[in-house]
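Student: Hi! Could you walk me through this one while I have it open on my screen?
Tutor: Happy to, just ask as we go.

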Amino acid sequence: MSLPKLHFAHANSYPAGVYRQMFGRLGEHFDIQALDMHAHNPHYPVTDCWPHLVDEYIAELVARYTEPVILVGHSLGGMLSLLVAYQRPDLVRCVVMLDAPVVAGWRALVWRLIKLAGKEYDMPPAKFSKRRRFVWPDAETAYQHFAAKDIFAAWAPGVLADYIACGLKPHPDGVQLRYTREVETKVYATLPHHLGGILRRGLKVPIGFIGGADSWETSQSGHQHTKALVGSHFRIVAGGHLFPMETPLVAADATVEMVGELLMEQPKKVLKAGAFA
C-alpha cells in the first residue's frame, strides 16, 4: 500500500538535507519529497512578501504530484506552505507549520513601517545574517566554526554533520555556504506583513502549528494570531526555533500526530468549501 505524500519546505538558510534524521522517522509514515533549496532559482526571485517564492513552491507541487498532498514547513517553509494553501487549496490536504512566525496585527503594521522607512536590513535577524561568515578553508574548519556556537551545539548528534554535507560547495579559497548569505538576508528583510488578511478570510484546508518552547522567533511575533489561525491544532514542544534539528525524532513524531488530527478534520473542511461552490 502506498504511503500518503508529504512535501516538506525547509527553514531559511537550511537546505532540505539538514532534516535527514527527521525525514528518516517521517518516512515510516509518509512518502516524503522536498525542494533542496528555496529562494535560489533566478526565475523566482526574493521580493517583498515572497510572491515569487510562493509561485516556485506551487510550480514544484504541480510538477511533482497529481493529487493534493500534505505540506509541512519549518519557519520560512511553514509560512510559504500557509501562503500556498491559501492561494491553491486544491493542491493541499493539510498544512503543518513548524515554528513559523505568524506576524499580524500591530506587529505587522510596525514591520511594514520599518520596510517603508528602508530599515528592514537593520533589524534582526537580517542585521546579523548580512555579516555572517560564509567562506572557510575546508569543511572541517567550517564544522568547528559552527560547533562552537551554542545554537548548533544544541543540535542532535549527526545533524551538524548533515548540514556540512549538504550545505557547502567549492570556493576559490576553500568552501562556502550553498545557501548564500545574500539570499538568506533578503528573505529575512522581506518577511510578509500581509498575513492579517489571510487570517480574516481563513483557509479552506486544515492547518496546525508546532512550536518550540524557547523559540525567540515566535516569541517576537506572539502566539495570539497563530492560535486564531489554527484553533485547537496548536502544540508546543521542548526546544528552540530549530527544534527539528535539536530533537528531530520528537519533531517527527509530533508532526505525525498533528497530521493525523488535521486529516480527520479534512472531510468537514471539504464539505464546507463545497457548500459555497
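Student: Let's start with histidine 38. Is it buried or exposed?
Tutor: Histidine 38 is buried, with a relative accessible area of 1%. Keep in mind that this is a predicted model.

Student: Where is the place of histidine 38?
Tutor: Histidine 38 is in the loop that runs between strand 2 (31-34) and helix 2.

Student: And what does histidine 38 touch?
Tutor: Not counting residues up to four places away in sequence, histidine 38 touches Ala9, His10, Glu56, Tyr57, Leu80 and Tyr179.

Student: How far apart are histidine 38 and aspartate 138?
Tutor: They are 25 Å apart in space, C-alpha to C-alpha. In sequence, 100 residues separate histidine 38 from aspartate 138.

Student: What about histidine 225, where is that found?
Tutor: Histidine 225 is in helix 12 (residues 224-230). Its relative accessible area is 16%, so histidine 225 is buried. Leaving aside neighbours within four places in sequence, histidine 225 is in contact with Val102, Ala104, Gly105 and Leu199.

Student: Switching to helices. At what angle do helix 2 and helix 3 pack?
Tutor: Helix 2 (residues 51-64) and helix 3 (residues 76-87) pack at about 70°, and their axes are 9 Å apart. The two helices are therefore roughly perpendicular to each other.

Student: Which residues meet there, between helix 2 and helix 3?
Tutor: Helix 2 brings Leu53, Val54, Tyr57, Ile58 and Leu61. From helix 3, they meet Gly77, Leu80, Ser81, Leu83, Val84 and Gln87. The residues of this contact divide into 8 nonpolar, 3 polar and no charged. Tyr57 and Leu80 belong to this contact, and both are also touched by histidine 38.

Student: Nice link. What are the buried residues of helix 9?
Tutor: In helix 9 (residues 181-189), the buried residues are Arg181, Val183, Glu184, Thr185, Val187 and Ala189. They pack against helix 3, helix 4 (105-116) and helix 5 (126-129).

Student: Now aromatics. How many aromatic pairs does the structure hold?
Tutor: There are 12 aromatic pairs. One of them joins tyrosine 19 and phenylalanine 23, which are stacked at 6.1 Å centre to centre, with 20° between the planes.

Student: Are tyrosine 19 and phenylalanine 23 buried or exposed?
Tutor: Tyrosine 19 is buried, at 1% relative accessible area. Phenylalanine 23 is at 18%, and the cut-off for buried is under 20%, so phenylalanine 23 is buried too.

Student: Which residues form the aromatic cluster?
Tutor: Tyr14, Trp136, Phe146, Phe152, Trp155 and Tyr163 form one cluster.

Student: What sits over the ring of phenylalanine 234?
Tutor: That would be the charged end of lysine 227, 5.1 Å from the ring centre.

Student: Where do serine 13 and aspartate 99 lie?
Tutor: Serine 13 is in the loop between strand 1 (5-9) and helix 1 (20-26), and it counts as buried at 7% relative accessibility. Aspartate 99 is in the loop between strand 4 (92-98) and helix 4. Aspartate 99 is buried as well, with a relative accessible area of 0%.

How values were computed:
Residues numbered from 1 in each chain as written. Predicted model: local features only at pLDDT ≥ 70, side-chain atom pairs only at ≥ 80, totals over all residues. Heavy atoms only, no water. Phe/Tyr/Trp six-rings, centres within 6.5 Å; stacked < 30°, edge-to-face > 60°. Buried < 20%, exposed > 50% of the residue type's maximum accessible area, 1.4 Å probe, protein only. Lys NZ or Arg CZ within 6 Å of the ring centre and 35° of its normal. Axes fitted to C-alpha atoms, helices over the stretch in contact; angles between N-to-C directions. Helix = DSSP H or I, 4+ residues; strand = E, 2+ residues; numbered from the N terminus. Parallel < 35°, antiparallel > 145°, perpendicular 65-115°, else oblique. Contact = heavy atoms within 4.5 Å. Nonpolar A, V, L, I, M, F, W, Y, C, P; charged D, E, K, R; others polar.
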